[in-house]
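Look at the sequence and the model below. The text then goes through a surface patch and the salt bridges.

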Amino acid sequence: MASISATLPPPLLLTQRKPNLTSIQKLPFSLIREKRNRSIALMVKASGENSDSSTDLNVVSSIQNVWDKSEDRLGLIGLSFAGIVALWASLNLITTIDKLPVISTGFELVGILFSTWFTYRYLLFKPDREELSQIVKKSVADILGQ
């Protein structure tokens with residue numbers, strides 16, 4: 001069972017009135033008041049319940065299947081390392097570009113425009129969302145070789 005504890009000053013957690021904890025009595029946390037510095041300690045404990053989320057989309061099992069079926073595991077390790085290096089290099093490149101005053105503003109504008117177009121094209125209407133879902137499923141299947 002995991003637990004997290006934090007000490008917060010009173011203005012961040014409670015105001016001058018009495019707290020209303022009746023609606024959150026079922027949550028696994030406890031408040032502990034310390035009188036010497038007038039702060040409140042909050043302790044939260046995780047429950048042992050497992051919840052299957054729909055966000056994993058069997059990615060872990062697909063990766064395990066690819067690893068088990070592969071005859072060239074050294075190639076997979078090299079490809080993974082190359083992906084990590086490419087991610088690191090792209091993050092450093094983005095950080096360097098972000099430090100330039102004019103280019104970063106231009107990229108922000110391009111990002112806002114692209115996000116607006118993407119929202120209008122794929123997320124605003126239901127048939128477009130279904131089309132995007134099909135595109136993503138097809139791309140995942142192509143990448144994983146299914």
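Leu100 sits in the loop between α3 (73-99) and α4 (101-123). The helices named here are DSSP runs of H or I with at least four residues, numbered from the N terminus. The model is a predicted one, in which local features need pLDDT of at least 70 and side-chain atom pairs count only at pLDDT 80 or more, while totals for chains, interfaces and linings use all residues. Residues are numbered from 1 along each chain as its sequence is written, and side-chain values use heavy atoms, with hydrogens and water left out.

Leu100 has a relative accessibility of 41%, so it counts as partly exposed. On this scale, buried means under 20% relative accessible area, exposed means over 50%, and partly exposed lies in between (1.4 Å probe, protein chains only). Together with Val102, Ile103 and Phe107, Leu100 forms a nonpolar patch on the surface, with about 400 Å² of accessible area in total. A patch is made of residues with over 30% relative accessible area and no salt bridge; nonpolar side chains (Val, Leu, Ile, Met, Phe, Trp, Tyr) are joined within 5 Å, and like charges within 9 Å. The areas come from the Shrake-Rupley method with a 1.4 Å probe, and for residues only the protein chains shown count as cover.

The next topic is charged side chains. A salt bridge is a side-chain nitrogen of Lys or Arg within 4 Å of a carboxyl oxygen of Asp or Glu. How many salt bridges does this rule give? The count is 3.

Which residues are linked in a network of salt bridges? They are Arg121, Asp128 and Glu131. Arg121 meets Asp128 at 3.8 Å, N to O, and Glu131 meets Arg121 at 3.1 Å, N to O. Glu131 lies in helix α5 (residues 126-144) and Arg121 in helix α4, so this pair ties together parts that are 10 residues apart in sequence. Asp128 counts as buried because its relative accessibility is 18%. Arg121, at 27%, counts as partly exposed, and Glu131, at 31%, also counts as partly exposed.

Another salt bridge joins the side chains of Lys138 and Asp142 at 3.2 Å, N to O. These two residues are 4 apart in helix α5, so about one helical turn separates them. Are they buried or exposed? Lys138 counts as exposed at 56% relative accessibility, and Asp142 counts as exposed at 52%.
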